[in-house]
Amino acid sequence: MTAVAAFLQTAIAQPDLPALEIAGETWTYAELAAAAWSIAQRLPLAQPGQPQPVTALMAQRTASSYVAILATQMRGHAYVPINVKQPTQRNAIILGVSGAQRVIVGDLTSDRFNSIRLAAPDVVKSVEVISCGENLADFDGKYLEQTPADLANDWKERVAYILFTSGSTGTPKGVLVPSSSLSAYLSATQSLLPVEVGSRFSQTFDLTFDLSVHDLFVSLSRKATLVVPSEEDLRQPGRFIQNKAITHWFSVPALAFQMRLQGALEAGAFQSLKSSLFCGEILPAPLALDWANAAPNSVVENWYGPTEATIACSQYRVDPAMMPEGEAVIPIGQPFPGMEMRVLAEDLSELPKGEIGELYLLGNQLAFGYLNDPERTAAAFVTLPDGSRAYKSGDRAQVGKDGALRCLGRSDGQIKLRGYRIELGEVEAALRDASGGRNALAFAWPPNDTEVRALVAAVETEDDFDLAECRRKVETVLPAYMVPTALHAVQQFPRNSSGKADRKAVLAIIAARNDMNDRSEPLGAGAERLMAAIMEAAPALDRRLVRTAPSLFDAGMDSLAFVALTMELERSFGRTIDQDDVVRLSALSFDQLVAELAPETSVRRAGRAAGLRKVWTRLRRGFLKRFDPGFNPRANRALQFIERFPTALRTGAPPVVAVGSSGVFRGFDPSEFASVAAAQGPKIRALNIGLPAIDISGLASIAEFIGEECTKAEIRLPLAIWEFDPMHVSVSPPSGDMAFDRRFFSGKLRSRSSASLPPEFDWSPESGGSWQSETVALEPARRPNWQRERDRLIARAYSGGLSFDPLRLADWRRGLFALQKVADRVVVFIHPADQTMLSEVPAKEHGAILVDTLADIAQMQGVEVLPWQGFALDPEDFTDINHVNSILGRPKLTRQMARMIWSRNRAV
């Protein structure tokens with residue numbers, strides 16, 4: 001029985017079992033089957049002996065993607081997932097190469113498909129587009145009473161899916177995975193992985209990573225529930241496991257390492273887990289043991305397998321009591337039933353235990369080969385001397401004395417340095433051993449050069465890790481020419497779409513560090529104190545970069561860490577810091593901060609001339625930071641919006657825009673808003689046009705720009721959300737906000753590339769303008785003095801005791817009028833405030849200024865005002881008095897806002 005047939009059998013026999021939990025909705029087996037069948041009926045039935053249909057889908061972890069995959073399997077199609085996170089041009093190539101006759105597009109991915117349509121119209125014009133809803137309400141809910149008579153049958157040549165991986169020639173290669181291989185895999189997991197009715201499976205992988213196939217088909221073929229995390233959940237996966245009572249976990253080891261860094265792998269933390277699987281990259285033994293300690297009721301296993309052998313083909317069970325002494329990396333173990341693994345020499349002869357060779361995979365899970373590429377297929381899928389068909393994995397391996405296979409890196413990761421041949425995998429293995437099992441990567445240096453002059457490496461670890469001691473250990477096991485010249489600590493390796501360490505991105509980090517001019521003079525006492533404070537607030541920063549960057553923000557510090565730093569500065573230097581100080585200090589370099597905070601102990605000056613030059617540099621940088629987008633990432637975000645909005649406006653359906661300052665920037669999640677809207681109202685796409693540190697006059701100009709572009713494109717917006725920030729229009733507006741005048745719209749000022757900025761300030765249509773939030777919310781135990789003073793002022797504004805400036809109110813109304821001209825509906829949003837902080841305002845300072853102003857706006861301008869007191873938020877949802885955090889507050893705030901807006905009883 002195929003997986004989809006088993007799924008349908010459950011849908012008919014036990015319709016009310018929960019099948020899918022996603023975006024706040026629970027789909028039963030009957031509901032999910034009905035939705036998939038409604039899409040399947042729009043696909044032709046595949047027939048043996050005829051060309052098999054190929055159907056692509058715009059893939060991300062949304063309900064439409066899971067519905068689409070099930071629909072294709074019901075009709076016997078090969079499905080091709082197209083990752084919406086990848087570049088448009090790459091996706092256009094994949095769609096064209098796949099030969100797909102149809103593409104299923106979910107409501108939340110239509111904008112990304114439209115970008116492909118614009119980039120490659122010749123590819124898209126021959127493809128039928130099938131729209132798919134994202135919520136239960138999008139489908140008619142007519143349950144299947146019996147298995148459809150025209151459900152596709154399996155046959156030997158049928159392809160289940162085609163996954164595209166990177167190709168050595170630069171063109172993605174498509175791996176053809178047969179339905180028979182998928183069935184063989186699912187059959188093997190029957191004996192290897194116990195699953196009870198109602199088990200709860202995680203789904204941490206992108207749908208273009210074949211490990212996601214395991215989550216989907218193992219769970220739904222065995223009466224379990226697939227629980228799909230949001231992007232916020234994946235930033236705090238430990239909370240996800242606990243909050244969702246996950247029983248079956250599957251991820252790359254990198255996600256477990258992230259949880260270790262977040263302090264989530266505490267003893268007994270994951271009581272619900274019964275099975276924990278890791279695959280996709282090397283699993284360090286210390287990490288596996290930490291996980292076993294955190295999940296005492298769980299079996300912990302390391303699985304191995306390339307896409308060409310269907311998901312995974314070997315397993316090794318971690319037993320803390322039986323771990324061999326000195327084992328730094330978990331073995332890949334023994335092959336699955338129906339599979340065989342051989343370690344062969346270059347002449348394809350089998351090697352004895354202990355000998356290192358290349359790993360070849362044989363058995364009933366092998367792929368057919370590569371799509372339309374017989375040459376590459378012949379090179380990778382070979383015939384062995386005994387006539388067996390095998391996949392040449394490219395992995396170096398050996399069979400240990402215990403009979404378990406161990407993977408030792410790639411056979412093609414070889415460089416030549418000073419005449420010596422060096423396997424980078426061997427260097428990486430030595431670094432893992434020396435660092436206690438931490439992830440490590442080695443590189444030829446310099447990058448992109450034909451002549452290799454050195455060897456460098458990075459260890460994924462904390463900044464305070466003892467690199468010198470690690471190097472000394474490596475020197476004891478490797479010859480001198482194999483010891484890296486430079487060794488870097490990187491707190492968390494960047495990941496590619498498969499969740500694996502991104503080698504190119506890690507190498508770029510090393511290159512950036514190497515480019516920095518590491519000053520040789522010693523730090524003075526004041527500089528040492530400052531560096532200690534910075535490292536306390538943001539321990540992941542590179543010290544050399546801190547010393548050489550134009551400001552701490554340019555060195556990678558985020559705004560929340562800077563708040564923590566101001567507390568450290570008050571404590572370490574005995575300074576009282578107010579809000580104006582914060583704005584000024586944020587623009588200073590390390591040396592300038594030393595001169596400001598501890599002038600008597602700053603780094604020795606090189607004479608009066610040098611001192612004057614530094615004063616000039618400080619003034620120049622301060623000016624540029626305030627007025628030049630090349631030095632101001634917040635202004636740069638606004639410039640990116642101005643440059644990219646016209647294209648975004650003309651791509652896909654007219655968007656809902658949320659326009660404002662930091663309240664919108666931090667509090668509005670476009671994907672959450674669109675998801676709720678799809679369930680309660682029209683299907684829309686949403687854009688976060690939150691532009692922090694822009695004054696109200698500048699925001700009004702942004703609103704006018706939006707109106708001008710809508711008029712040019714002859715487009716009306718279905719909805720505009722316009723933020724009313726009481727502080728922005730008060731007599732005490734935020735210090736340091738930019739006067740964003742019309743010169744920014746002239747085209748003469750250009751934005752910097754996103755890669756050169758802190759990622760939180762990037763504005764891109766692909767993300768809906770959503771800011772890239774911090775991984776862990778930094779909430780200081782106490783507020784610094786400057787923040788307490790500012791919060792008291794904000795509380796007065798919300799309590800109605802702070803006067804509003806008539807000119808600033810006029811600017812706000814100017815922005816409102818501009819949006820009303822081009823939007824069918826305008827809603828005014830006031831970011832809610834933390835009620836516990838509002839209580840700090842004495843009753844005598846309360847007033848009616850805010851209430852009266854909002855009533856006047858509603859009456860005179862005829863606009864809807866959402867009651868900010870109507871949001872149900874808790875203190876832990878806030879970062880400060882009037883900004884929610886990204887972990888809990890942002891999704892909660894956005895969902896409530898969307899429900900207010902789309903409900904029939906609209907608040908005024």
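**Ground rules.** I worked from a predicted model, in which local features need pLDDT of at least 70 and side-chain atom pairs count only at pLDDT 80 or more, while totals for chains, interfaces and linings use all residues. I number residues from 1 along each chain as its sequence is written, and side-chain values use heavy atoms, with hydrogens and water left out.

**Cores.** I looked up the nonpolar cores, meaning sets of buried Ala, Val, Leu, Ile, Met, Phe, Trp, Tyr and Cys residues joined through side-chain atoms within 4.5 Å; buried means under 20% relative accessible area, exposed over 50%, and partly exposed in between, with a 1.4 Å probe and protein chains only. The largest nonpolar core holds 89 residues, and the members that touch the most others are Phe-7, Phe-217 and Leu-361. I then followed Phe-7 and, leaving aside its neighbours within four places in sequence, I found it in contact (heavy atoms within 4.5 Å) with Tyr-29, Leu-32, Ala-33, Leu-70, Met-74 and Leu-220. I also noted a second, separate core of 60 residues, which includes Phe-705, Cys-710, Trp-812 and Val-826.

**Salt bridges.** I searched the whole structure for salt bridges, defined as a side-chain nitrogen of Lys or Arg within 4 Å of a carboxyl oxygen of Asp or Glu, and the search gave 31.

**Glu-469 and Arg-472.** These two form a salt bridge whose closest N and O atoms are 2.8 Å apart. Both lie in helix α15 (residues 467–475), three residues apart, so about one helical turn separates them; helices here are DSSP runs (H or I, at least four residues), numbered from the N terminus. Glu-469 is partly exposed at 31% relative accessible area, and Arg-472 is partly exposed at 44%.

**Glu-709 and Arg-650.** In this salt bridge the closest N and O atoms are 3.9 Å apart. The pair links distant parts of the chain, 59 residues apart, with Glu-709 in helix α26 (residues 696–713) and Arg-650 in helix α23 (residues 633–650). I noted that Glu-709 is buried, at 7% relative accessible area, whereas Arg-650 is partly exposed, at 43%.

**Asp-856 and Arg-813.** The side chains meet in a salt bridge at 2.8 Å, N to O. This pair also links distant parts of the chain, 43 residues apart, from Asp-856 in helix α30 (residues 849–860) to Arg-813 in helix α28 (residues 806–822). Asp-856 is partly exposed at 31% relative accessible area, while Arg-813 is buried at 18%.

Conventions
Helices (H or I, at least four residues) and strands (E, at least two) are DSSP runs, numbered from the N terminus.
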